[in-house]
Amino acid sequence: MIKVAVAGALGRMGREIIKAICEQEDMKLVAGFERKGHEDRGKDIGELIGLGTLGVKLSTADEMDNVLKETKPDVFVDFTIADACVNNVKIAAENKVNLVIGTTGFTEEQKKEILETIEKNNVAAVISENFAIGVNIFFKVVEFLTKYLKDYDIEIIEMHHRYKKDAPSGTALKIAEIIKSNRDVELVFGRYGKCERKENEVGVHALRGGDVVGDHIVIFAGDGRG
Ligand SMILES: NC(=O)C1=CN([C@@H]2O[C@H](COP(=O)(O)OP(=O)(O)OC[C@H]3O[C@@H](n4cnc5c(N)ncnc54)[C@H](O)[C@@H]3O)[C@@H](O)[C@H]2O)C=CC1
Ligand SMILES: O=C(O)C1=N[C@H](C(=O)O)C[C@H](O)C1
C-alpha cells in the first residue's frame with residue numbers, strides 16, 4: 001500500500017488528487033494539509049470534499065512535521081503556492097518522504113533551494129509544471145518545431161482562470177525554456193508602447209479570466225503565408 005500525504009488538500013488540485021488517490025486500490029491517503037489557521041482544521045477531509053468519511057483529519061502546515069512523523073507517508077504531494085511549497089518540501093524531505101511537486105511560480109532561488117533540499121536528504125522527487133500527458137507530448141512538438149522552423153518567429157500565449165496566483169504559468173515558462181535551449185532567443189513578457197519585435201525575441205503573454213482550466217498556444221509565424 002502506498003501511503004500518500006497531500007499539501008493543499010482543499011485547493012482545486014488537492015481535492016482532485018485526493019479523489020484520484022481514493023480510487024486506487026494500492027494507495028491510501030494518510031494525511032492532508034492546509035495553510036496555518038485554516039478554519040476546517042481537525043475535520044474529516046473526505047467529508048470536506050464530498051467523499052464521505054475517510055478517517056483522515058485535516059491538518060495545518062504548522063503541524064506538518066509531527067503529522068508526518070506519526071503517519072509515515074511514502075509520498076508527499078504538493079500543490080500549494082511557491083512560498084509555502086519550499087517550506088513544505090523541506091519538512092517532508094527531512095522526514096525522508098519522497099516528493100511529487102506540481103506547484104508553480106517559483107523564483108530561480110526557490111527552485112535551487114528545493115533541488116538542494118532534495119539532494120541533501122536523498123529523497124526521490126517528481127517535479128513538473130504540468131502532469132497532463134498531452135501537454136508533455138506538446139513539449140516535444142514545440143521542441144521539434146523550434147528546431148525545424150528555424151526562421152519562424154515564436155510567441156507563447158496562455159490563459160487561466162481568474163484565481164491563478166502566478167503569471168506566466170509554469171507551463172508557459174517550461175515551453176519558453178524548451179525554446180531557449182534550442183535557439184538563441186530573448187524572452188519578452190508582454191509588450192506595450194515602443195517595442196518593435198527583435199529578430200531573436202519570444203513573447204510570453206498571460207491572460208486571466210473565468211474558470212478556464214488552462215490553455216497554452218505556441219504560434220510559429222513565418223513569412224509568405226498569405
Ligand atoms: N503541475 C501541474 O500539472 C499543475 C500545477 N498547478 C499548480 O498547483 C498549485 C495549486 O493550484 P490550485 O489547486 O489551483 O490552487 P488553489 O489556490 O486552489 O489551492 C492551493 C491550496 O494550498 C493551500 N495552502 C497554502 N499554503 C499552504 C501550506 N503552507 N500548506 C498546505 N496548504 C497550503 C491553500 O489554502 C489552497 O487551498 C499552483 O501553483 C498551480 O499553478 C495546478 C494545476 C496543474
Ligand atoms: O494554476 C493552474 O490552474 C495551472 N497551473 C499550471 C501552470 O502554471 O502551468 C498547470 C496548468 O496550466 C494549470
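Four strands form an open sheet in this predicted model, in the order β8-β9-β7-β10. The pairing is mixed. Strands here are DSSP runs of E with at least two residues, helices are runs of H or I with at least four residues, and both are numbered from the N terminus. Two strands count as paired if DSSP finds at least two bridges between them. In general, strands of a sheet pair through backbone hydrogen bonds, either parallel or antiparallel. The edge strands are β8 (186–189) and β10 (215–221), and each pairs on one side only. On average, neighbouring strands of this sheet are turned by 20 degrees against each other, direction ignored. Angles run from 0 to 180 degrees between N-to-C directions, and axes are lines fitted to C-alpha atoms, for helices over the stretch in contact.

Strand β7 (residues 153–160) is joined to β10 by seven bridges. These two strands run antiparallel. Within this pairing, Glu158 stands opposite His216 in β10. Helix α7 (residues 170–180) lies across β7, β8, β9 (201–208) and β10. The helix runs at about 165 degrees to β7. Contact between two residues requires C-beta atoms, placed from the backbone, within 7 Å. The loop between β7 and α7 holds Pro168. A cis peptide bond joins Ala167 to Pro168, with omega at about -10 degrees.

Residues are numbered from 1 along each chain as its sequence is written, while chains are lettered from A and ligands numbered from 1 in the order in which they are written. Because the model is predicted, local features need pLDDT of at least 70 and side-chain atom pairs count only at pLDDT 80 or more, whereas totals for chains, interfaces and linings use all residues.

A second open sheet has six strands, in the order β3-β2-β1-β4-β5-β6. Here the pairing is parallel. Strands β3 (58–60) and β6 (125–127) form the edges, each pairing on one side only. Neighbouring strands of this sheet are turned by 25 degrees against each other on average, direction ignored. Three bridges join β5 (residues 98–101) to β6, and the two run parallel. Leu99 stands opposite Ala125 in β6.

Helix α1 (residues 12–23) lies across β1 (2–7), β2 (27–34) and β4 (75–78), and runs at about 160 degrees to β2. Helix α4 (residues 82–94) lies across β1, β4 and β5. The angle of α4 to β5 is also about 160 degrees. In the loop between α4 and β5 sits Lys96. Lys96 has a positive phi of about 60 degrees, although it is not a glycine.

Helix α4 also packs with helix α5 (residues 108–121), at an angle of about 5 degrees and with the axes 9 Å apart. Residues Ala82, Val86, Val89, Lys90, Ala93 and Glu94 in α4 meet Gln110, Glu113, Ile114, Thr117, Ile118 and Asn121 in α5. By class, this contact has six nonpolar, three polar and three charged residues. Ala, Val, Leu, Ile, Met, Phe, Trp, Tyr, Cys and Pro count as nonpolar, Asp, Glu, Lys and Arg as charged, and the others, Gly among them, as polar.

The domain assignment of the protein gives domain 1 (2–127) and domain 2 (133–221). Such bounds come from an automatic or database domain assignment. The domain centres, taken over C-alpha atoms, are 29 Å apart. Their contact takes four residues from domain 1 and four residues from domain 2. The side of domain 1 that touches domain 2 has two nonpolar, two polar and no charged residues.

Two ligands are present in the model. Ligand 1 is surrounded by 26 residues, and the closest are Gly8, Gly11, Met13, Ala84 and Gly102. A residue is near a molecule if its C-beta atom, placed from the backbone, lies within 6 Å of it. At least two residues of this shell come from each of α1, β2 and α4. The largest share, three residues, comes from α1. The shell around ligand 1 divides into nine nonpolar, twelve polar and five charged residues. Ligand 2 is surrounded by Thr104, Glu129, Asn130, His160, Lys164, Ser169, Gly170, Thr171 and Gly214. The shell around ligand 2 has no nonpolar, seven polar and two charged residues.
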